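Okay, everyone, thanks for coming. Let me put the model up and walk you through a few spots.

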Amino acid sequence: MTRFILNDTLVESTASPGTVVLDIVRYHQQLKGTKIGCREGDCGACTVLVGELNQERVEYKSMTSCLLALANVEGKHVVTVEGLNMEGLSPVQQAMVHASGTQCGFCTPGFVVSLSGCCLSREKITEELAVRAIDGNICRCTGYKSIERAAASVAQQLAQKNTEEPITWSVEKGFLPAYFAGIKERLKTIQGGTEATIDPAILVAGGTDLYVQKHDSMHHAVVRPLANDASLKGIRFEHGECIIGGACTAADLLNSVELNDHLPKLEQHLLLVSSTPIRNMGTLAGNFVNASPIGDLTAMFIALDSTITLSGPAIPGQARNDRSIKLRDLFKGYKQLDKSPDELVTSLRFTLPGKNTRFNFEKVSKRTHLDIASVNTAIRLELDGDTIREAHVSAGGVAPIPKYLAHTSVFLAGKPASPETVHAAIKVMNDEIAPISDARGTADYKRLLLRQLFFAHFLALFPERFTLKELVA
Amino acid sequence: MNTSPKKGADRLIPDQDKLVSSEEVEIRHEISDLRNVDGSGHVTGRSIYLDDIPVQQGTFYALPYDAPSAHAHIKKLDLSMAAAAPGVVRILTYSDVTGENQIGGIIPDEPLFAEHEIHFWGMPVALIIATSEDAAVQARKLITIELEELPVITDPREARAQGELIIPPRSFKLGDTANAWANCAHVFEGRADTNGQEHLYIETQGAYAYPTEHDSIRIASSTQGPTAVQRTIARVLGIPMHRVEVDVTRLGGGFGGKEDQASAWAALVALAAYVLKKPVKLAMHRMDDMRMTGKRHPYSSDYKIGFDKDLKIVAYEATFHQNAGAAADLSPAVMERTLFHATNSYAIPNVHVTAYCCRTNLPPNTAFRGFGGPQGMFVIESAIAHAADKLGMSAREIQRRNLMVEGSEFSYGQIADHVNAEACWELTDQKFDLDKLQADVDAFNAKSATHKKGMAIMPICFGISFTNTPMNHARALVHVYQDGSVGVSTGGVEMGQGLNTKMVQVAAAVFSIDPSRVKIESTNTTRVANTSPSAASATADLNGKALENGCNAILARLKEMASRMLKSTQEAITIVNERVLNNGKPTDLDWKKLIHAAHWDRVNLSESGHYATPEIHFDKTKEKGHPFAYHVYGTAAVMVTVDCIRGTYEIDAVKLVHDFGKRMNDSVDIGQIEGGLVQGLGWMTMEEIVYNDKGKLLSNALSTYKVPDIHSVPKEITIEALPTDGHPLAIRRSKAVGEPPLMYGIGVYFAIQNAIRAFRPDARMVFDAPYTPEKVLMSLYK
């Protein structure tokens with residue numbers, strides 16, 4: 001049985017824990033405001049807010065309910081558009097109506113839910129953040145301009161929000177129904193739900209790829225949810241290393257102030273990864289073991305020269321059988337991993353960048369946001385004056401696996417950071433990639449694109465030393 | 001909105017209100033500022049779409065099994081495993097069709113179920129009926145089929161070469177191009193291609209059928225064409241149309257994709273309900289929908305354009321190869337509109353354009369906002385860009401010199417009237433200063449080595465009316481209830497275009513009552529029969545005029561009633577803001593009292609209004625006539641920035657002047673411009689349909705087919721209205737607005753091209769939309 005609060009109501013569901021929340025909401029609970037657009041997290045029509053008790057706070061995140069396993073909302077608060085409805089329209093709803101941000105209306109509840117998340121967050125909402133909240137919502141009617149105007153109005157109305165007690169404030173000011181004020185206490189009473197793991201179970205972390213690939217079978221599957229496992233969460237900094245739990249999401253990386261201090265352009269890079277609701281769900285380890293040849297996080301962390309820890313099954317009375325390998329060595333062939341099915345990627349570690357470290361990530365896709373890369377690449381350089389002391393370069397979309405460009409990396413080491421070095425490195429790189437033509441581009445294009453993105457690394461990292469003209473000459 | 005209440009009211013309320021002081025009659029509403037009347041339902045999630053209809057007990061779920069090949073003979077279809085699967089009730093095939101296994105609208109060339117041959121990947125072969133959706137999904141995996149593969153054609157030129165034409169080619173001719181070339185100072189020839197476009201209505205196709213008494217069917221369908229669904233079901237089931245009731249509350253988007261192509265799914269579930277005598281429902285999975293339904297037609301075209309020494313276009317020829325897919329669907333009509341719009345906004349004395357409707361093994365392509373017009377316009381804009389390049393000048397110069405003027409003749413014989421092509425262009429220049437915009441682009445480019453800007457102008461001219469003249473009529477049923485509230489049914493379908501809102505405005509304006517008194521009912525074939533689909537941008541015009549006629553007929557009876565009560569004459573009576581005026585002076589009578597009295601006096605408070613567009617005609621044997629009630633004009637300036645390192649781009653701004661006529665609803669019409677523009681630029685940039693050479697759709701999900709998201713739209717869209725008195729054949733002089741703005745998006749293609757050439761002046765001029773980042777990068781470096 002899965003217990004969660006759906007809007008104002010406690011639900012004790014006996015549905016299979018692998019069932020997606022979308023189906024629970026629409027067909028078990030008959031709340032039809034949450035819409036089905038694609039069932040693969042790409043349209044946002046089914047967006048819900050999920051509130052999780054974290055010490056003395058309930059923290060809400062937007063998620064696409066089509067990819068959200070019931071098991072992953074155990075002990076949480078799930079909010080659909082019905083849960084935001086009050087006597088009259090809420091200010092968010094009113095803003096959408098007033099700005100004519102709704103035409104056919106089918107995507108609208110998703111937008112309303114995503115925007116309403118701004119009332120619950122502890123961030124000070126700017127126009128930019130309000131737009132970010134809806135970056136996972138697709139509208140085919142409006143051309144978004146009216147929705148932007150609604151988002152701007154919401155941001156303005158939330159300008160005075162109490163960021164310490166956003167829920168209390170939002171309830172008092174009429175942004176949210178009154179029941180939100182009591183959710184924290186109610187959630188406390190349903191924590192510690194039993195996690196009856198029956199082996200063999202399918203491990204479900206964020207589910208953002210699993211439910212796309214295996215949609216038809218997952219709701220029958222026995223699942224073991226990982227998203228609630230505290231031992232797999234957290235970002236720590238120890239002995240010059242950063243250690244990240246395998247179940248950390250892309251949003252966790254984005255929200256870690258310390259990590260962003262160490263990698264100053266990380267936010268910019270992560271905003272190219274999927275959309276807000278998917279970043280709120282998809283995990284680091286999930287991105288790795290999914291083994292997509294174009295995983296964005298995988299490309300980033302390979303270039304950071306990361307090491308992962310794999311843990312075997314826990315045997316009572318014994319220590320877990322842990323082993324560590326370089327992330328780049330996890331990938332053996334197309335969707336082939338150096339990992340047994342019962343091993344978990346529990347954490348990742350990499351050496352923190354020093355003052356002589358340079359890191360960059362590049363990605364090009366048909367659509368800049370919420371799209372899978374045609375090619376992505378990351379680079380980490382350790383400099384010694386003008387010389388590259390050590391280099392790690394990765395590339396996605398140019399091989400059957402997320403590719404560590406080993407030869408290119410070795411070649412760069414000991415060379416000056418100069419156009420000549422880059423030109424020579426391109427030759428090495430071209431010999432170690434083998435792109436294929438598919439829906440994301442022809443092989444010729446991907447080869448050219450990787451060259452360009454390799455240039456882009458150097459233009460971004462050494463703006464004073466390189467020009468595009470020289471590089472493409 | 002910055003419209004003052006007074007101004008808003010002035011637009012719609014008759015002049016008589018000047019006679020009344022504001023103390024006596026309060027002006028209650030800014031009617032041109034009326035927001036989407038369904039808005040509250042949408043934002044609260046209470047609006048009902050097909051899949052939200054409460055399910056009757058005992059409902060079965062249908063799921064089509066579709067062909068896994070684009071062209072093949074069926075050697076063996078094995079349904080036995082699936083039929084025995086848990087929850088499966090029945091599996092239907094062509095042999096279960098009680099009427100005719102045929103859904104072709106224009107030409108009967110499309111079987112509902114494949115019989116012995118498969119013509120496209122995704123063609124329905126069988127229909128699984130099960131007790132749950134999941135049971136049907138699991139059973140579908142158990143169906144096996146043995147095929148004898150046949151040659152697959154995906155390219156329209158190849159189809160033409162093999163004689164695979166759905167209808168004979170058609171040509172529009174004006175003047176004499178053959179002799180005109182000799183008089184040309186410059187002649188250019190080339191090729192231009194546009195890819196298809198997935199509609200991506202966020203609500204997928206679906207239908208829910210219930211058997212009713214007398215062997216009849218009641219069906220809820222997500223369709224733009226309730227009558228088309230009714231007619232198709234009657235045909236497939238072999239029953240008269242009066243035994244099929246189609247009801248449509250609203251669509252979660254249509255864009256043309258549910259004009260003709262909703263009918264197949266409706267016919268399938270209706271057949272199942274009819275055979276099994278149980279309610280049957282189908283709400284399609286996105287990937288099934290994308291695989292099985294047709295899209296905007298890809299075109300591959302050749303052009304030849306000739307200019308005199310003053311750069312006036314003397315002659316234009318084009319040959320359009322329309323990729324129709326495996327069956328006619330609406331392709332002949334779409335092809336026709338390509339010919340109608342082949343010369344866009346330009347006055348050209350000698351024109352010869354020919355179109356081929358090419359049969360290929362793709363799913364039958366269909367209506368999509370613009371309906372062939374955008375494909376035709378892209379070709380002439382390519383020809384002009386080509387000429388401008390060769391002549392070393394800006395395309396803008398050529399475009400401006402050749403705009404249509406009052407009295408210009410279209411290749412199909414219509415003489416242009418109320419022409420606003422130059423007026424829109426001039427106002428664009430006046431408002432936005434095109435020279436300055438270009439100078440800003442040039443200044444940026446001089447400074448930036450890695451990023452280049454480009455600018456292009458896109459004028460549009462789009463004809464309003466169904467080009468098939470007999471379709472231009474509509475009806476509306478109006479009931480004034482005895483409490484003064486009003487119920488309206490029309491033949492139009494609300495799909496986001498704001499029809500319901502405009503219909504409320506029409507009824508409220510004619511009666512001069514508060515919009516809250518008017519409710520728009522679902523679109524239902526038993527209330528309003530024999531309707532044309534909601535398409536061709538004409539829905540508000542046709543249904544609105546019918547509604548106006550209906551309301552006016554009731555109003556006349558009410559005035560007659562009031563004149564008797566007030567011992568006055570009908571002519572002296574007016575109703576203004578719910579008050580009955582006699583010779584412009586307030587009386588004790590108001591709307592509610594008048595209705596109450598009229599009801600008890602046995603006055604008929606209901607009316608079915610009818611409207612048929614006057615003046616229009618077209619003779620297909622001569623390819624000449626006057627097919628359009630009027631044209632809509634506009635001019636857009638588009639500015640983009642291309643990242644010349646990565647081949648990506650951003651759209652900086654689209655600044656446009658649009659000919660709204662006398663705009664009746666600001667927010668609805670602005671929303672249509674913004675939405676249409678963005679859909680058009682999606683078609684020109686990131687939306688890329690990919691079939692492999694076997695005819696299998698590779699861009700088959702939202703993960704592989706990308707439409708614009710909030711970050712990819714222009715950073716700025718500025719819309720100015722051309723001030724005019726509007727057109728008498730437009731509803732309340734407010735011109736149709738659904739399709740025309742899509743074509744502003746075409747400007748984005750040429751702006752990107754100009755940016756590329758700022759980086760690489762010798763880049764090849766390629767006219768092959770969409771300009772994906774891949775094509776941009778290849779243009780920059782290959």
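So, how many residues does the contact take from chain A, and how many from chain B? It takes 64 residues from chain A and 63 residues from chain B. Do keep in mind that what you're looking at is a predicted model.

Let's stay on the chain A side for a moment. The elements giving two or more residues to the side that touches chain B are α2 (91-98), α3 (108-120), α5 (145-157), α18 (443-461) and α19 (468-472) of chain A. Which of them gives the most? That's α18(A), with eight residues.

Now, inside chain A itself. We've got domain 1, which is made of 2-37 + 48-79 + 189-225, then domain 2 at 86-176, and domain 3 at 230-472. Between domain 1 and domain 3 of chain A, the centres sit 30 Å apart, going by C-alpha atoms. Still, the two do touch: eleven residues of domain 1 of chain A contact 13 residues of domain 3 of chain A. On the domain 1 side of that contact you'll find four nonpolar, five polar and two charged residues.

Last stop, chain B. Helix α16 there covers residues 539-565, so 27 residues, and at 1.5 Å a residue it should span 39 Å. Its end C-alpha atoms are 38 Å apart, so that agrees. And after α16(B) comes Lys567(B), which has a positive phi, near 50°.

Okay, that's my tour. Over to you.

Key: Residues numbered from 1 in each chain as written. Chains lettered and ligands numbered in written order. Predicted model: local features only at pLDDT ≥ 70, side-chain atom pairs only at ≥ 80, totals over all residues. Contact = placed C-beta atoms within 7 Å. Helix = DSSP H or I, 4+ residues; strand = E, 2+ residues; numbered from the N terminus. Domains from an automatic or database assignment. Nonpolar A, V, L, I, M, F, W, Y, C, P; charged D, E, K, R; others polar. Expected span 1.5 Å × (residues − 1).
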